[in-house]
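Open your viewer and get the selection tool ready. This tour goes stop by stop, with something to select at each one.

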Amino acid sequence: MEQMIRVGIADLKLCKTPDKITTVGLGSCIGIVLYSVGHDVCGMVHIMLPSSKEIKNNSNRAKFADTGIEDLVKMLEQKGVKKGSLIAKIAGGATMFVFSGASDLGSIGERNIKSVKETLAALSIPIAAEDTGLDYGRTIIFDNNSKKLTIRCAGKADKII
């Protein structure tokens with residue numbers, strides 16, 4: 001029987017077909033799905049911040065783009081998925097709040113998008129599809145069987161990438 005694997009905020013998990021994997025609450029956060037054609041295992045990480053190097057309390061590696069993606073790749077490799085076969089789909093990175101002044105807080109979504117893309121490029125993992133930026137939150141559901149990522153947003157039709 002198919003189950004829904006739930007990934008929390010600053011969390012990462014693996015999923016095996018026929019199960020699906022989901023995360024909610026993607027505002028400025030980004031959900032990154034890593035999968036490989038021909039494999040029945042995929043993974044998702046829900047990152048909150050761009051870099052573990054900018055924060056003192058960085059013990060939760062899944063919270064950051066640089067370490068969260070790296071750890072997810074290692075977990076998939078332990079399940080027999082070759083790094084060179086991985087493909088990514090990403091969603092999130094919205095600008096949820098507008099701040100006046102020169103604060104970086106308002107651009108955390110943009111900084112997350114940039115860091116996720118740089119980390120994936122450094123690992124030679126191509127991005128097959130993305131739904132990032134803008135000003136609304138998202139919930140994502142990945143079906144590893146079809147390799148389709150469904151994006152749900154309040155007041156909008158589901159989008160499949």
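This is a predicted model: local features need pLDDT of at least 70, side-chain atom pairs count only at pLDDT 80 or more; totals for chains, interfaces and linings use all residues.

**Stop 1**

Select β2, β5, β4, β6 and β7. In that order, these five strands form an open sheet with mixed pairing. Look at the two edges: β2 (11-16) and β7 each pair on one side only. From one strand to the next, the twist averages 15 degrees.

Now color β6, residues 87-92. How many of its six residues are buried? Six of the six are buried, and the strand is mostly covered.

**Stop 1: the neighbors of β6**

Step from β6 to β4. The two run antiparallel and are joined by six bridges. Then step to β7, residues 127-132. β6 and β7 run parallel, with five bridges between them. Select I90 to see one of these links: the bridge partner of I90 in β7 is E130.

Next select G31. In β6, the bridge partner of G31 is A91. In β5, the partner is H46. Which way do β4 and β5 pair? They pair in the antiparallel sense, over five bridges. β5 covers residues 41-47.

**Stop 2: the helix across the sheet**

Select residues 65-78. This is helix α1, which lies across β2, β4 and β5. Compare directions with β5: the helix runs at about 165 degrees to that strand.

**Stop 3**

Zoom in on β1 and β3. β3 spans residues 20-26. Four bridges join β1 to β3, and the two strands run parallel. Show R6 and T22: R6 stands opposite T22 in β3.

**Stop 4: the aromatic pair**

Show all the Phe, Tyr and Trp side chains. How many aromatic pairs does a search of the whole structure find? It finds one. Select Y35 and F142: their rings form a tilted pair, 5.2 Å centre to centre, with 35 degrees between the planes. The pair links distant parts of the chain. Y35 is in strand β4 (residues 30-35), F142 is in strand β8 (residues 138-143), and the two are 107 residues apart.

**Stop 5: a charge over a ring**

Select K156 and Y136. The charged end of K156 sits over the ring of Y136, 4.5 Å from the ring centre.

**Stop 7**

Go to the loop between β2 and β3, where P18 is placed. The peptide bond from T17 to P18 is cis, with omega near 15 degrees.

Move to L134, in the loop between β7 and β8. L134 is not a glycine, yet has a positive phi of about 60 degrees. With 54% relative accessibility, L134 counts as exposed.

Now pick K147, in the loop between β8 and β9. Here too phi is positive in a residue other than glycine, near 65 degrees. K147 is at 15% relative accessibility, so this residue counts as buried.

**Stop 6: D158**

Finish at D158. Where is D158 found? Look in the loop between β9 (148-152) and β10 (159-160). D158 is partly exposed, with a relative accessible area of 42%.

Show what surrounds D158. Leaving out residues up to four places away in sequence, D158 touches T150, I151 and R152. Draw a distance between the side chains of D158 and R152: a polar contact of 3.0 Å joins them.

Key: Residues are numbered from 1 along each chain as its sequence is written. Side-chain values use heavy atoms; hydrogens and water are left out. Buried means under 20% relative accessible area, exposed over 50%, partly exposed in between (1.4 Å probe, protein chains only). Contact means heavy atoms within 4.5 Å. A polar contact is a pair of N or O atoms within 3.5 Å; within protein, one must be able to donate a hydrogen and the other to accept it, and residues adjacent in sequence count only if both atoms are side-chain atoms. Rings of Phe, Tyr and Trp (its six-membered ring) pair if their centres lie within 6.5 Å; planes under 30 degrees apart count as stacked, over 60 as edge-to-face and the rest as tilted. A charge sits over a ring if NZ of Lys or CZ of Arg is within 6 Å of the ring centre and within 35 degrees of the ring normal. Two strands pair if DSSP finds at least two bridges between them. Axes are lines fitted to C-alpha atoms, for helices over the stretch in contact, and angles run from 0 to 180 degrees between N-to-C directions.
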